[in-house]
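Subject: Structure handover and notes

Hello,

Here is the structure for you to look through. My notes follow below it.

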Amino acid sequence: MDTLINIPTMAELSAKGEQPDILFWVGCAGSYDERAQRITRAFAKILNHVGIKFAVLGTEEACTGDPAKRAGNEFLFQMQAMGNIEVLNGYAIKKIVTACPHCFNTIKNEYPVLGGHYEVIHHTQLIADLIAEGKLVAEGGAFKGKKISFHDPCYLGRGNGVYEAPRKALEQLDADLVELKRCKSNGLCCGAGGAQMFKEPEPGKKDVNVERMEDVLEAKADIVAVGCPFCMTMMNDGVKHVEKEQEITVLDIAEITARANGLL
């Protein structure tokens with residue numbers, strides 16, 4: 001089922017003298033990457049469905065500066081960060097949700113020292129809370145009997161200790177949750193963090209996402225659940241590498257939740 005998505009901008013709400021309960025930070029991938037845009041739409045549909053008053057910055061949102069910082073360009077990072085903080089503080093933003101662990105980590109942990117103080121949550125945390133409150137169902141008949149493995153994003157898991165929220169969002173599905181051999185604090189990177197997403201890998205015997213896909217094959221998962229647009233890209237590429245596109249599907253937690261609630 002497809003529904004119209006209402007996504008107001010902060011400028012529109014501000015013009016009416018209104019303030020959202022939460023700002024949805026979309027991020028570069030969620031804005032420009034075709035696959036990640038589907039995650040953005042799924043999450044926006046969830047927010048509309050449960051009646052949370054939210055807004056996005058739209059054209060006023062710029063990159064958080066995470067790739068610049070990880071690549072060693074601290075000057076560019078601070079320029080990008082301070083520009084975003086000026087916009088966020090101008091709108092008196094208090095609470096931010098994002099579907100990207102890189103944006104989540106940067107705004108939560110690195111913006112405060114530059115004057116950006118906000119409550120920042122990852123979309124899997126909000127989804128898990130909404131399920132716990134009964135505002136979202138998670139029976140998910142479409143997932144009945146499927147084997148689902150969650151791949152921990154580095155910046156969400158090891159970086160910020162968020163392990164349970166994504167799993168709680170999946171636990172109530174009529175599915176068989178199977179942990180990957182390397183998971184939680186022992187999780188294996190998809191290969192895209194630290195600005196690696198934007199460069200070719202160094203010479204070596206095997207790409208990291210191919211190594212990670214071997215964990216997925218060992219778990220015999222039908223669905224790889226992710227909570228990061230970078231992980232989405234790398235895991236999808238891994239599935240193609242092992243030529244398992246017909247057997248293994250990669251879905252974000254927001255997409256799985258939206259499907260379980262008849263929103264997609």
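Helix α9 is followed by K220, whose phi is positive, near 55°. Helices here are DSSP runs of H or I with at least four residues, strands are runs of E with at least two, and both are numbered from the N terminus.

Two points on how to read the rest. This is a predicted model, in which local features need pLDDT of at least 70 and side-chain atom pairs count only at pLDDT 80 or more, while totals for chains, interfaces and linings use all residues. Residues are numbered from 1 along each chain as its sequence is written, and side-chain values use heavy atoms, with hydrogens and water left out.

Helix α9

Helix α9 covers residues 208-219. Its 12 residues should span 16 Å at 1.5 Å a residue, and its end C-alpha atoms are 17 Å apart, which agrees. The expected span of a helix is 1.5 Å times one less than its number of residues. N209, V210, R212, M213, D215, V216 and A219 are buried in α9; buried means under 20% relative accessible area, with exposed over 50% and partly exposed in between (1.4 Å probe, protein chains only). The cover over these buried residues includes β5, β7 (223-226) and α10. Contact means heavy atoms within 4.5 Å.

V239 in α10

V239 sits in helix α10 (residues 229-241). V239 counts as buried because its relative accessibility is 2%. Leaving out residues up to four places away in sequence, V239 touches M213, K244, E245, I248 and V250. V250 is 11 residues from V239 along the chain, and their C-alpha atoms are separated by 8.4 Å.

Helix α3 (residues 34-50) has 17 residues and reaches 25 Å from its first C-alpha to its last, close to the 24 Å expected. At its start, a side-chain oxygen of D33 comes to within 3.2 Å of the backbone nitrogen of R35. Just after α3, G51 takes a positive phi of about 80°. The buried residues of α3 include R35, I39, F43, I46, L47 and V50.

The axes of α3 and helix α7 (residues 123-132) come within 12 Å and cross at roughly 35°. Axes are lines fitted to C-alpha atoms, for helices over the stretch in contact, and angles run from 0 to 180 degrees between N-to-C directions. F43, I46, L47 and V50 in α3 meet H123, L126, I127 and L130 in α7. The residues of this contact divide into 7 nonpolar, 1 polar and no charged. Ala, Val, Leu, Ile, Met, Phe, Trp, Tyr, Cys and Pro count as nonpolar, Asp, Glu, Lys and Arg as charged, and the others, Gly among them, as polar.

Two asparagines

N160 is in the loop between β5 (147-150) and α8 (164-171). A polar contact of 3.1 Å joins its side chain to that of N105. A polar contact is a pair of N or O atoms within 3.5 Å; within protein, one must be able to donate a hydrogen and the other to accept it, and residues adjacent in sequence count only if both atoms are side-chain atoms. The side chain of N160 also reaches the backbone oxygen of Y155 at 2.6 Å.

N261 lies in the segment after α11 (253-260) and counts as buried because its relative accessibility is 14%. The side chain of N261 reaches the backbone oxygen of V137 at 2.8 Å. Not counting residues up to four places away in sequence, N261 touches H49, L136 and V137.

Regards
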